[in-house]
Amino acid sequence: MADLTTTLAPHRTPDLAALGLDLTRPLLIVDVDEVLGLFMQGFGRFLETRGYEMRIDRYALFQSIFRPGATEHLDLAEGRALFDDFFRFGCGDIEPAPGGAQALAELSRDAGVVILSNAPGQGRLARARWLGRQGLDYPLILNTGPKGPLAAALARQTSGPCAFIDDLIPNLDSVAESAPAVMRFQMVADPRLRLFAPSAPERHTRIDDWPQMKDAVAQAIARPRG
Ligand SMILES: [Mg+2]
């Protein structure tokens, strides 16, 4: 598994051919948290083991962590430390988003797939193993910050159509800016978050379930690159 895992070094773009991808096929670039995996649910369970609770009444991760009974959310730095610990100890325990593995298995008959995650480095091996256990054994690329520059660098290596799936508008906007030819799809896998998640359907197609996403992406990548 480790040989399928690439940590992005500064100024170095993963080589898709070296990762085994056919550069003439369509390319799918797919996020993990809230796309293939139910991050908030898993992080919430992890928080309980540390004596905290998650309350989802807005779309702001670190403002959703509370001490039991408290009305003010946890200090942001403490939330960040718990987030880092989750990726150190707990990120192998999240549930898969329903239908994701099946959809990618079907899409991968006609397209190459890479997983592009902003998980911090300490979660790299646990994340790669988790993907393998879920039937999502595609190359894992870790990124930091907005995903547009890296998505553009990946898309430049291929001649076929490219699609990008993520839950976060800043990542989708970043791809729109850096790689406008890459088709963008937003998915918010956790039903509790869907109400609160910002979307921008005029810029990025929003589809929250995998069977529908699969059909839309299959249609999109069947057309030649625009
Ligand atoms: Mg995500």
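The legends below describe close-up views of a predicted model.

**View 1. Buried residues of helix H1.** Helix H1 spans residues 39-49, and its buried residues are Phe39, Met40, Gly42, Phe43, Phe46 and Leu47. These residues lie on the same side of H1, because the arc they cover around the axis is only 160°. Glu48 and Thr49, on the other side of H1, are exposed.

**View 2. Surroundings and end of helix H1.** Gly51 follows H1 and has a positive phi, near 85°.

**View 3. Helix H5 and its packing.** In helix H5, which runs over residues 148-155, the buried residues include Gly148, Leu150, Ala151, Leu154 and Ala155. They share the same side of H5, since they cover an arc of only 165° around the axis. The buried residues of H5 pack against strand E2 (27-30), strand E5 (112-117) and strand E7 (162-166). Helix H6 (169-178) is another element against which they pack.

**View 4. Thr24 in the loop between strands E1 and E2.** The loop that holds Thr24 lies between strand E1 (5-7) and E2. Thr24 counts as exposed because it has 9 C-beta neighbours inside 10 Å, where the cut-off for exposed is 12 or fewer. Ser159 is 135 residues from Thr24 along the chain, yet the C-alpha atoms of the two are separated by 5.3 Å. When neighbours within four places in sequence are left aside, Thr24 is in contact with Ser159 and Gly160.

How values were computed. Residues numbered from 1 in each chain as written. Predicted model: local features only at pLDDT ≥ 70, side-chain atom pairs only at ≥ 80, totals over all residues. Buried ≥ 20, exposed ≤ 12 C-beta atoms within 10 Å, placed from the backbone. Helix = DSSP H or I, 4+ residues; strand = E, 2+ residues; numbered from the N terminus. Arc of directions from axis to C-beta. Contact = placed C-beta atoms within 7 Å.
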